[in-house]
Structures are given as C-alpha cells and as structure tokens.
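Colleague: Hi! Could you walk me through this one? I'm new to reading structures.

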Amino acid sequence: MTVRPTFGKPVRILGIETSCDETGLALLELSAPAPGGQWPTARVLGQALHSQIDLHKTYGGVVPELASRDHLLRIMPLLTSCLEQANSSLDQVDWIAVTEGPGLAGALLVGVSVAHGLAAALNKPLMGIHHLEGHLLSPLLDAGSQDLRFPFLALLVSGGHTQIMQVDGVGQYTLLGETIDDAAGEAFDKSAQLLGLGYPGGPAISKWAANGRADRFEFPRPLKHRPNLDFSFAGLKTAVLTQVQKLQTPLSDEDRADVAAGVQAAIVDVLVHKCMAAMDQTGLKQLVISGGVSANVSLREQLLAAAGKRQATVFFPPLQLCTDNGVMIAWAAGLRLSQTMVQPEFVDSPIIARPRWDLASLAP
Ligand code: KG4
Ligand code: ZN
C-alpha cells in the first residue's frame, strides 16, 4: 500500500501537543512527495516547545494538576513564538491538529480547548490526533525514511507505553505485544529515582551508564524467553531497590554508574530481543522505533547491530523529535490528509479529550 498524495497546493498544519509534560506547537507545511518519494514533503516552518521537567523534578514524576496549569500558562505565548518563527499569521493556517489522547485528562483538555477555540474563531477544520500515532509516524520525517514501505514493525517506547505493533498503513495498527505492567520509560525513571539521579530518569541513567560496568550486577529480564511479545518491567525497580539496599550509602559514583549500566543493559536487552522475535514471527524486515526511550543511544546501537545480522533495517525519529512535540502531531495529521482518510471535526463538535484511547481502535 502506498500513500496517495492529494496536495494540490502546500498545506499548512498547526500541531498542538499537551498530553503530558511538554507544551508543543509547530507549524508544518506539507506538499506532494519529491519525485520517486514515498512520503509527503514536510517543512517545519516554526516550532515552539516548553518542557516542564524543572517543574516536576522535585516530585520525581509528573504532577497532573501542575502540568495542566503550566500548559495553560505557556500555550498562547508558545503559539505566538511559533507563528513568529514561521513568519506566518493564523489565517495562513489550513488545518489545526491537536493531541486528543491518550494522556493526562486536564493536560489534554488545555490543548483540545485551545484548538477548538482557534478552529471556531478562524473557521478552520480541526483534526484530533492519537498521541502514539504521532510518535509512531515520526520516524517517517527523517530524510532516510523514503525507503520505508508498509507493512512494517514499530516499537513504541515511552514513559507510558511499551508496545510492538504491526503497521499496515496510516491508521492501521495491530498490537503484537505490550507491557503487562510498567513501561520501559517508567523503569528508567523509577530506577533513576532510586539512585537519586533525578527526573526524567532515561537521560540520567544513560549518562551514568556510559561510565559503568553493565556486568557487575545482573538485573532480571522478565518474559524474555517467553514466545509471546509481551514485556514486564515492574520487577526491575524491586531488583534495583534490593541491590541499592545491599550497597553502602551514600552510594559511590562507581556504584551508581554500575547499577545504571546494569539497568540499562537489562531494559535494552529485552527490547532488542522482543523486536527480533517480532521480525522472526512476522517475517517483516523493517522496524520503526519511537517514543522518548528511542533517544537512548545504547538501544539504538544494539538494535542496529541485531537488525544488521538479519539484513533488516531500523528507522528512528530525528533525535529532537523522540520526546513529545507539536511537529509529530502536525505530521500525523498531514499523513492522514495525504490518504484522504480524514473526518474533520468541525467547529460545532463537542470538545473531546480521550485520556484512555486504544491505538488499534483507529483502524478504519
Ligand atoms: O514519549 P515521551 O516524551 O513521553 C511520553 O509519552 O511518555 O517519553 C518520556 C520517557 C521518559 O520515561 C524518559 O525517561 C524517557 O522517555 N527517555 C529516555 C531517554 N530520553 C527520554 N529513556 C532512555 N534513554 C533516553 N536517552
Ligand atoms: Zn509521548
């Protein structure tokens, strides 16, 4: 199946993301694919992003009430700076795309309400986007992705999700396996908290792991050798806690680095193993990785090495688009437009935020 471009003229899409702890706005211009190209051509005209990391740091995780208040404070100034950067005015926007879910209810409502307000005031069509579809399709924004063809495999690894999907087309996602408890990002975050490394844990663990010995402590790899494609990461934090309690406190830098390296090795090992099992089970040789954890360098290196042995290809999002942002939301909307599979919610529709929303339910 190929994407059918329907862009007679370039289309400008404003993307709005507020599902968790990043307020992201972006103005994307999409036009027909370059000759021989597979995906629409995308130009990021402007983007503005505010991360709430500093706000939530003290609490070791995202505080939902603080998150929605901060989105409320930031969203309009960020919209202004995004448009200034794009040298564009609101009436030059053709479509508004907003993350409708899943995520924190109050946080989602900020983006959704602003999007509906803009759509009503400007009389522009609006599209609700699934946050994970945004992540899932973001690797297609990378210049190297023109070779990617449906169907392919996708590993979604974020703070809230760990899923392996089969992607048969835009909007056609089949869940092959997922975590039965904690997400991979959560395992990074909780382990970092136990080591006193701050929030978010993924980047901190990966930084400390670079100077640690991954083989000093053996951490569990639950479900690794089960034939299904499910994951389980909840046991890891208990194992880290038990290990930390055995060590002398305060922890030395060496101990911290070695635990970090062991934790990272365990998570990466399981993720890589299950992705390779998914390739063997489906016969698919193309794998897309997305979500915040896809920024992890060790994961990238080991996936590339393992896939290389199978003559398989791995596609990653551009590094700055691994974590939440408005570009991926506008892009997902653009791909939906390019397939003429869009049912715009017009301005009189009710405001919807979907805190829980199954990606597989998007299938037409
Ligand atoms: O996709 P994302 O920005 O938000 C969600 O939708 O959850 O992902 C955030 C997650 C956090 O758990 C964070 O620790 C993790 O991505 N993360 C990383 C790295 N950068 C972010 N995990 C491992 N290594 C990284 N370099
Ligand atoms: Zn996300």
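This is a predicted model: local features need pLDDT of at least 70, side-chain atom pairs count only at pLDDT 80 or more; totals for chains, interfaces and linings use all residues.

Colleague: What holds paired strands together in general?

Modeller: Backbone hydrogen bonds do that, and the strands can be parallel or antiparallel.

Colleague: What is the strand order in the open sheet?

Modeller: The order is β3-β2-β1-β4-β5, five strands with mixed pairing. At the edges you find β3 (41–51) and β5 (126–130), each of which pairs on one side only. From one strand to the next, the twist averages 20°.

Colleague: Which strands does helix α3 touch?

Modeller: Helix α3, residues 105–122, packs on the sheet and touches β1 (11–17), β4 (95–101) and β5. The direction of α3 makes about 155° with that of β4.

Colleague: And where does α10 lie?

Modeller: α10 lies across β1, β2, β3, β4 and β5, and runs at about 135° to β1.

Colleague: Changing topic: which residues coordinate the zinc ion?

Modeller: For the zinc ion (ligand 2), they are H131 and H135, both through NE2, and D324 through OD, at 2.1 Å. Along the sequence, these donors are spaced H-x3-H-x188-D. H135 sits in helix α4 (residues 131–137), while D324 is in the loop between β10 (313–315) and α10 (327–338), so this pair links distant parts of the chain, 189 residues apart.

Colleague: Are H135 and D324 buried or exposed?

Modeller: H135 is buried, with a relative accessible area of 1%. D324 is buried too, at 10%. Both count as buried because the cut-off is under 20% relative accessible area.

Colleague: Okay, salt bridges. How many does the count come to?

Modeller: The count comes to 19 salt bridges. One of them joins the side chains of E29 and R12, at 3.0 Å from N to O. E29 is buried at 14% relative accessibility, and R12 is buried at 17%.

Colleague: How far apart are the closest N and O atoms of D255 and R216?

Modeller: They are 2.9 Å apart, in another salt bridge. Here D255 is in helix α8 (residues 253–282) and R216 is in the loop between α6 and α7, so parts 39 residues apart in sequence are tied together. Salt bridges with shared partners join R213, R216, E254, D255 and D258 into one network.

Colleague: Nice! Now the backbone: what are most peptide bonds, cis or trans?

Modeller: Most are trans, and most residues other than glycine have a negative phi. This model has a cis peptide bond between G101 and P102, with omega about -15°. The bond from F150 to P151 is cis as well, with omega near -10°.

Colleague: And what is the phi of L223?

Modeller: L223 has a positive phi of about 65°, although it is not a glycine. You'll find L223 in the loop between α6 (201–209) and α7 (234–246), and L223 counts as buried at 17% relative accessibility. Q311 has a positive phi too, near 55°, but Q311 is exposed, with a relative accessible area of 68%.

How values were computed. Residues are numbered from 1 along each chain as its sequence is written. Chains are lettered from A and ligands numbered from 1 in the order in which they are written. Side-chain values use heavy atoms; hydrogens and water are left out. Donors are N, O and S atoms within 2.8 Å of the metal (3.2 Å for Na, K and Ca); water is not among the atoms, so sites may look incomplete. Helices (H or I, at least four residues) and strands (E, at least two) are DSSP runs, numbered from the N terminus. Buried means under 20% relative accessible area, exposed over 50%, partly exposed in between (1.4 Å probe, protein chains only). Two strands pair if DSSP finds at least two bridges between them. Axes are lines fitted to C-alpha atoms, for helices over the stretch in contact, and angles run from 0 to 180 degrees between N-to-C directions. Contact means heavy atoms within 4.5 Å. A salt bridge is a side-chain nitrogen of Lys or Arg within 4 Å of a carboxyl oxygen of Asp or Glu.
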